[in-house]
Amino acid sequence: MQDLLDSALARIRDASTAEELEAVRVEVLGRKGVLSALSKDMGKLSAEERVARGKLINTSKQALESAWEERRDSFERAALAKRLDAEWLDLTIPAPGPRPGSLHPVTQIQWEIEDLFRSMGFSVLDGPEVETEFHNFDALNIPPDHPARDMQDTFWLEGGNLLRTHTSPVQVRGIEKLGPPLRMIAPGRVFRNETVDTSHEHTFYQLEGMMIDRHVSVGNLIYFMKTLLGAIFKRDVTVRLRPGFFPFVEPGFELDIRCLICGGPGCPVCKQSGWVELLPCGLVNPHVLRASGIDPAEWNGFAFGLGLTRLVMMRYAIDDIRWLQSGDLRFMRQF
Ligand code: PHE
């Protein structure tokens, strides 16, 4: 009898999982368990023996039950400890602050250039993205059948207007609005109906610049272009000046810089040439001055058109123009 009890107690204490403990409970305390076995032959016992047996059953039952509860509690405590461990939170760790947004790299470079030109007495002008044919083409000395129109694949709108293909129409608007003498820049978004690839987008950014005065020379132009490039790259960039043709400047130039991505041998950004066309410029064609309402006998000037998007690509060695408008946060968070 005592043996039975001892082994039952030992099994309760040795149960190593809650499931095992539950099995022991059924076996020991259950209807078919050890205790009920003890009360089976009660009928055959004498009155005295029955009293003794009854006491034994009661004390055994209490002993087994309390042992069982103790074991169960220890399992519960262990489970709780485990849960608390998993849910543990260090409230002294500084909270991750709000992640502030940042300016698009094109905006950053645009603002830098605006500051530079403002410091040299230039106004920053804005022009419409939906332009008239007159401002985008005719006033810039590009008549309807001029081949230069084909070079700038145009998104035409109903009613004869268009999405401006360059920021040059703001030259005309600037003169119309402010009159000479005049120093202005005009940053903005331009559109071309082009097949998109690593170096072409249908939408990109330019920054137009123009100075109109009485005796503006190519020397003045070169001075401002050098100042501009020095401020942008803050290092020596190799430049070359080639004759360039644009109907709205005469003479016209292409100012190229050595490709900052590959440094010369050639890559997709420089179309394997080692040079990147960055800064077309020239002296304002008298036709443009006349179309804008001022007298070319009295006034002249220079103009340039900086490819802002391409400039950003050069500055940060971005090898695919499509990143810039991708809206991809992995890209954007780097600036
Ligand atoms: N508007 C020209 C273009 O988009 C660039 C340019 C601007 C050229 C000013 C000369 C002077 O290609």
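This is a predicted model: local features need pLDDT of at least 70, side-chain atom pairs count only at pLDDT 80 or more; totals for chains, interfaces and linings use all residues.
Leucine 255 stands opposite leucine 279 in strand β8. Strands here are DSSP runs of E of at least two residues, helices are runs of H or I of at least four, and both are numbered from the N terminus. Two strands count as paired if DSSP finds at least two bridges between them.

Residues are numbered from 1 along each chain as its sequence is written, and side-chain values use heavy atoms, with hydrogens and water left out.

Let me stay with β8. Eight of its 10 residues are buried, so the strand is mostly covered; buried means under 20% relative accessible area, exposed means over 50%, and partly exposed lies in between, with a 1.4 Å probe and protein chains only. β8 also pairs with strand β9, residues 300-307, in the antiparallel sense through three bridges. In that pairing, leucine 283 stands opposite phenylalanine 302 in β9.

What is the order of the strands in the sheet? It is an open sheet of seven strands, β1-β4-β5-β9-β8-β7-β6, and the pairing is mixed. Strands β1 and β6, the latter at 239-243, stand at the edges with a single partner strand each, so one side of each has no neighbour in the sheet. As a general point, side chains in a regular strand alternate between the two faces of the sheet.

Turning to the β1 end, strand β1, residues 123-124, runs parallel to β4 and is joined to it by two bridges. Valine 124 is opposite isoleucine 185 in β4. Strand β4 covers residues 182-191, and eight of its 10 residues are buried. On the β5 side, β4 pairs with residues 203-213 in the antiparallel sense over 10 bridges. Within that pairing, methionine 184 has methionine 210 of β5 as its bridge partner.

Two cis peptide bonds deserve mention. One runs from proline 180 to proline 181, with omega near -10 degrees. Proline 181 lies in the loop between α8, at 169-178, and β4. Another joins glutamate 250 and proline 251, with omega about -5 degrees, and proline 251 is in strand β7.

I also note two residues other than glycine with positive phi. Lysine 271 has phi near 50 degrees and sits in the loop between β7 and β8. Is lysine 271 buried or exposed? At 54% relative accessibility, lysine 271 counts as exposed. Alanine 317 has a phi of about 55 degrees and is placed in the loop between α11, at 308-316, and α12, at 329-332. With 48% relative accessibility, alanine 317 counts as partly exposed.

Glutamine 110 belongs to helix α5, residues 105-118, and is buried, with a relative accessible area of 15%. Leaving aside residues up to four places away in sequence, glutamine 110 touches Pro187 and Leu308, where contact means heavy atoms within 4.5 Å. Isoleucine 57 is found in helix α4, residues 47-87, and is buried at 12%. With the same exclusion of residues up to four places away, isoleucine 57 touches Leu35, Leu38, Ser39 and Met42. Which distance separates isoleucine 57 and glutamine 325 in space? They are 84 Å apart, C-alpha to C-alpha, and 268 residues apart in sequence.

That brings me to the overall form. The secondary structure of the protein comes to 12 helices and nine strands. The C-alpha trace spans about 140 × 45 × 40 Å along its principal axes. The radius of gyration is 43 Å, whereas a compact globule of 335 residues would have one near 20 Å; the value is taken over C-alpha atoms, and the globule rule is 2.2 Å times the number of residues to the power 0.38. Buried residues make up 42% of the 335 residues. Finally, of the contacts between residues at least 6 apart in sequence, 67% join residues at least 24 apart.
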